[in-house]
Amino acid sequence: MIKEQEDKFDVDSDWVMPQLTDLVPDGGRLDQQVRELDNTYFDTPGAGLRVFGITLRRRVGGSETGWQLKVPNGTARTELQSGSRAKKLPSALAKGVEGLLAGESLDSVSAIMTTRTAYRLLNADGELVLEIADDQVQSGPPDGESMLHSWREVESSWGLPARRRI
């Protein structure tokens, strides 16, 4: 379980990431990695999760492959993860949303494909201080057959201790 603070910004397709080297702490480093992320988002037909600001997704790609449940926690979010590659929601996360389903089914509601260029600022001990992600995003129906919308966004996130997997 982690408590994550993040901010997202919509940017134009020709926006250029500024140099980040001035942000590197003394003795630290800046790592850059490109990841392809395929996400399927889930909710009830009545939007039982979304109405409470809860996100449930299954991600394939990068180090976060598996299931993720994000729950509001003040201005941040608490994230629970399962590294399960199964297409069925793991029971530990299913219990976390059980009371919000109100007897409705949990269905895939959208597919989001992201090409992420992640810039990770690490301190002298190799611990993550800040991640800035430059995302090229496409979204569409859960079948993934056609992408209907595309955009670019930049996300900064911090407060990322080692993720606890369930």
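A salt bridge, as I use the term today, is a side-chain nitrogen of Lys or Arg within 4 Å of a carboxyl oxygen of Asp or Glu, and by this rule the count comes to ten. Please keep in mind that this is a predicted model, in which local features need pLDDT of at least 70 and side-chain atom pairs count only at pLDDT 80 or more, while totals for chains, interfaces and linings use all residues. Residues are numbered from 1 along each chain as its sequence is written, and side-chain values use heavy atoms, with hydrogens and water left out.

Let me begin with Lys8 and Glu153, whose side chains meet in a salt bridge at 3.8 Å, N to O. Lys8 lies in strand β1 (residues 2–10) and Glu153 in strand β8 (residues 149–158), so this pair ties together parts that are 145 residues apart in sequence; strands here are DSSP runs of E, at least two residues, numbered from the N terminus. Lys8 is partly exposed at 48% relative accessibility, whereas Glu153 is buried at 11%, where buried means under 20% relative accessible area, exposed over 50%, and partly exposed in between, with a 1.4 Å probe and protein chains only.

Next come Asp134 and Arg152, which form a salt bridge at 2.6 Å, N to O. That pair links distant parts of the chain, with Asp134 in strand β7 (residues 128–140) and Arg152 in strand β8, 18 residues apart, and both residues are buried.

Finally, Asp31 pairs with Arg29, their closest N and O atoms being 3.2 Å apart; Asp31 is partly exposed at 28% relative accessibility, and Arg29 is partly exposed at 42%.

Methods: Helices (H or I, at least four residues) and strands (E, at least two) are DSSP runs, numbered from the N terminus.
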